[in-house]
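User: I would like to go through how two chains meet, term by term. Please set each value against its definition.

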Number of protein chains: 2
Amino acid sequence: MTSSPATTSGASKPVPAGLVEAFWAYERALMTDDLDALDRLFAPGPTTLRGDAAGLLVGHDAISAFRGRRGGAPRRRIVQTHVQTIDEDHALVVAITELERGGRGQQTQLWARGADGWQVTAAHVAVPPPALDTRVWRVVGDPLVPGAGRGPLAGETVAVKDVYAVAGHRTGAGNPAWLDAAPTARDHAAVLGQLLAAGADVRGIARTDELAWSLAGTNAHTGAPPNPRAPYRVPGGSTSGPASAVSLGHATIGLGTDTGGSIRVPAAYQGLFGIRTTHGAVAVDGLLPLAPSFDTVGWLTRSAALLAAVGDVLLPPAAGPTPGTDQVVVVPALLDLASPEVAAAVRGLAPADASEERWPLEDLPAWLDAFRTVQAWEAWQSWGAWLEDRLHVLGADVRGRFEHARTLTEAQASAARAVADEARATVRTLVGGRVLLLPSASSVAPRLGEDMEPVRASTMLLTCVAGLGGLPAVSVPVTTAPATGGLPAGGCLVAAPGRDRDLLRLAVDLTGDGTETRPPRP
Amino acid sequence: MTSSPATTSGASKPVPAGLVEAFWAYERALMTDDLDALDRLFAPGPTTLRGDAAGLLVGHDAISAFRGRRGGAPRRRIVQTHVQTIDEDHALVVAITELERGGRGQQTQLWARGADGWQVTAAHVAVPPPALDTRVWRVVGDPLVPGAGRGPLAGETVAVKDVYAVAGHRTGAGNPAWLDAAPTARDHAAVLGQLLAAGADVRGIARTDELAWSLAGTNAHTGAPPNPRAPYRVPGGSTSGPASAVSLGHATIGLGTDTGGSIRVPAAYQGLFGIRTTHGAVAVDGLLPLAPSFDTVGWLTRSAALLAAVGDVLLPPAAGPTPGTDQVVVVPALLDLASPEVAAAVRGLAPADASEERWPLEDLPAWLDAFRTVQAWEAWQSWGAWLEDRLHVLGADVRGRFEHARTLTEAQASAARAVADEARATVRTLVGGRVLLLPSASSVAPRLGEDMEPVRASTMLLTCVAGLGGLPAVSVPVTTAPATGGLPAGGCLVAAPGRDRDLLRLAVDLTGDGTETRPPRP
């Protein structure tokens with residue numbers, strides 16, 4: 001490959017005829033974003049591969065669709081090439097790239113010559129990562145805030161959702177206009193102070209959906225954090241940044257909030273453990289409110305054991321004997337709200353002695369309406385004064401919710417609250433002293449760009465049960481069957497108020513070693 | 001490849017016999033760090049390849065040496081494999097890995113069957129990057145500190161060496177014990193305030209060699225930032241983090257200091273532009289001192305144009321007519337202090353009308369001794385009170401320097417200062433109104449782990465010329481000839497005090513479009 005500064009060719013075999021020209025034709029096509037040429041230079045069919053840090057694309061169609069969406073590759077030049085010739089129709093080309101924006105990357109391509117000339121059958125592309133992944137983080141440090149150095153959480157690192165006060169920093173709430181005007185916090189939010197005192201370090205301040213009012217994780221200003229377990233799918237929100245940070249191994253604890261599912265949904269979509277605590281059990285001092293009647297502190301981890309260890313620090317001490325049993329109850333009508341593959345995976349989490357019950361849930365849609373109305377009413381109480389003159393600073397989806405919230409009357413809110421109160425009583429009675437197992441979300445993570453509204457509606461039918469009840473909920477990761485995608489989903493354990501620690505212990509018991517059970521390697 | 005949850009095999013060809021077994025044998029060897037087995041499973045010879053984010057290793061020996069040093073791969077499991085069978089003796093295996101610490105990676109291997117069975121001839125390994133590269137950064141943000149939003153540097157991002165005050169943050173000086181006890185800065189360092197007012201954002205606080213007293217860039221506590229242009233070689237210091245941040249594209253401006261070469265050396269090693277300003281020309285308020293007689297503000301960029309644009313913000317306005325010409329002078333005795341390939345590359349930077357002069361430099365070694373003695377004496381004045389009881393907190397190399405500094409007497413310092421004053425006068429006379437071109441460092445970047453002392457001594461013979469003279473110096477990137485490695489080096493332009501702007505303009509002129517000239521692609 002004589003047309004590059006530094007080239008080696010494998011062993012004694014010469015570089016096959018035409019390969020060098022095809023390699024440079026591909027490079028030119030990439031730099032000019034010539035989609036037709038790129039399509040022609042990648043082998044057709046379902047087994048062609050292209051992988052990068054975002055994930056592996058399988059098949060020519062998926063690769064072509066990706067290229068169509070991305071709008072060109074980063075500017076670069078080739079500074080080294082190495083060719084390993086296999087035979088006159090096959091060769092591997094490894095190229096070192098130098099990016100115009102800085103840093104070096106590597107590109108490994110397997111080329112094959114067929115009827116249509118030389119084509120790539122597999123490509124692996126690596127470029128240097130940015131200083132920080134701004135989809136996940138607003139600020140990170142080594143650490144950002146050091147903990148006490150010792151304690152039960154020593155060695156753990158916290159990704160703090162950008163709705164908690166971090167002393168010395170502003171709180172951004174996922175919106176640039178809010179951030180711009182935000183004061184620097186003098187004190188840490190209460191729970192953050194407890195985590196630091198217990199020895200955990202703060203790794204950084206992680207992204208949230210705007211004003212924490214979304215389940216998607218697709219912030220209009222900073223993008224969707226990646227979902228490593230389900231590439232090219234949404235991360236789930238609104239605790240999106242902390243969830244992705246934990247998935248990626250950037251932090252071990254994701255501190256977030258759950259009003260309508262903002263812990264449970266990202267936990268499910270990304271295969272994490274997550275807890276929404278009993279409403280009112282953990283102090284919300286230093287936390288920006290969304291809907292105080294439902295707002296709760298929550299957190300995400302990669303293991304049930306750590307989820308419980310954080311609970312030992314943040315939860316109030318258990319008072320008196322446990323007010324219930326570990327009897328798990330499954331309600332088919334609730335499972336049926338989820339897609340079949342998610343329902344099956346969640347059912348698989350139920351212990352052998354779980355009981356199945358039919359609950360009178362015909363009012364569930366009305367309960368959800370009431371939940372949404374109270375949530376929206378309170379959200380406007382929380383944010384309306386600031387938003388009144390600047391709804392345009394919000395992304396379309398969240399803006400739509402606030403525009404609706406703004407139209408609600410006090411009468412509507414009162415009526416909804418009456419329904420919600422009734423729902424709370426009913427849910428608490430139904431759950432009683434047992435543990436309800438239901439899906440954390442109605443589906444696996446939707447693909448990026450997919451309309452989230454249908455999934456949002458069906459998911460909230462599930463999440464509003466604990467939300468209305470003010471009940472603790474622990475999401476345990478499960479995986480859908482390989483034939484249906486083998487994607488992460490969540491089984492949600494719900495119990496009576498104050499039984500958070502029982503749920504945390506049950507999550508450890510259900511998952512054996514405290515990490516997700518998945519198909520073993522044969 | 002039946003032993004993995006999700007597998008596809010390319011086209012219609014079956015997976016060759018024995019490949020699956022070899023793949024899993026490799027995986028087992030990797031997870032147990034069985035170096036012999038790994039060596040056996042990689043093809044022998046000089047063309048075997050293994051690349052990851054740290055760079056491409058070429059040849060079985062280099063790969064084997066790398067494995068011996070690293071002490072095992074991160075724990076992981078294989079969650080997907082795809083095989084593209086080329087013929088019964090060749091196949092590509094693409095595997096998706098799931099790291100125990102979080103995130104997913106990809107591994108692409110070309111396997112060939114020879115007399116010794118199946119072996120890898122090329123491997124490309126990618127793992128998810130950490131939240132921040134702690135070798136480069138202590139804290140980063142999006143941005144960490146927003147600039148004025150408009151101004152001549154709008155859109156630029158600054159990596160601040162961890163010796164400048166950043167309001168709201170501590171100053172770490174490259175030493176964890178100092179950082180632990182450091183107060184939070186109330187105000188920005190003066191130059192930082194100017195950069196922010198000119199529209200630049202602060203990306204983050206970047207690593208420095210300990211107390212800024214080293215040229216290596218190998219901080220004993222946080223490791224060596226990577227040198228993307230010269231993989232597996234040192235980044236140069238002490239402005240190591242800002243230099244690597246700019247090389248990697250994490251920031252566009254690296255704000256640092258230069259006492260004995262701390263801007264010029266990393267600029268040379270990483271192929272960047274860098275300026276050490278006239279001593280005293282730019283305020284050092286808010287900057288931790290090392291040796292105030294020689295300490296200067298400096299910065300690094302990837303283009304000469306931006307280097308000059310920062311100068312327009314930070315340098316005092318030019319007063320009156322330019323006190324010199326652009327006549328470039330080359331002194332063979334100074335070129336001869338560098339390795340032949342560096343000397344040749346630097347000579348190549350000289351314009352056609354450059355003059356060659358023989359300077360009386362027989363006292364240069366004595367001048368350097370005086371420079372080092374004054375530097376060490378002042379370094380102890382700066383840091384001795386704090387270090388007296390805790391020299392053990394320093395890494396070995398920097399500690400050795402301070403242990404020596406502590407033994408110096410005032411008489412020794414005075415004698416050295418007299419020599420240094422004489423050297424200053426002589427250097428200023430020799431340079432006169434022209435521009436001296438000499439190597440920024442005596443060699444290309446040494447390999448990681450190599451003894452730096454010989455290179456340090458020969459490099460300081462070069463860097464002390466501007467240091468003693470208090471002169472401005474601009475390092476312009478050059479590249480050694482491909483046959484001698486094709487690695488970055490630096491040509492250093494030195495002129496009379498106050499001629500910083502002239503040097504910045506000359507750097508733009510010498511490099512045409514303001515970026516480094518390198519061999520064009522044929």
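Analyst: Contact means heavy atoms within 4.5 Å. By that rule, 68 residues from chain B and 67 residues from chain A take part. The model is predicted: local features need pLDDT of at least 70, side-chain atom pairs count only at pLDDT 80 or more, and totals for chains, interfaces and linings use all residues. Residues are numbered from 1 along each chain as written, chains are lettered from A in the order written, and side-chain values use heavy atoms, without hydrogens and water.

User: What makes B:Glu98 and A:Arg229 a salt bridge?

Analyst: The term needs a side-chain nitrogen of Lys or Arg within 4 Å of a carboxyl oxygen of Asp or Glu. The closest N and O atoms of B:Glu98 and A:Arg229 are 3.7 Å apart, so the pair qualifies. The count between chain B and chain A is four salt bridges.

User: How much area is buried between chain B and chain A?

Analyst: About 5200 Å², with 58% from carbon and sulfur atoms. Buried area is the accessible area (1.4 Å probe) that two parts lose on being put together, summed over both.

User: Why are β8 of chain A and β8(B) called paired strands?

Analyst: Strands are DSSP runs (E, at least two residues), numbered from the N terminus. Two strands pair if DSSP finds at least two bridges between them. Here three bridges join β8 (residues 137-145) of chain A to β8(B), so the two strands pair. They run antiparallel.

User: Which residue in β8(B) is the bridge partner of A:Val139?

Analyst: B:Gly141.

Notes
Helices (H or I, at least four residues) and strands (E, at least two) are DSSP runs, numbered from the N terminus.
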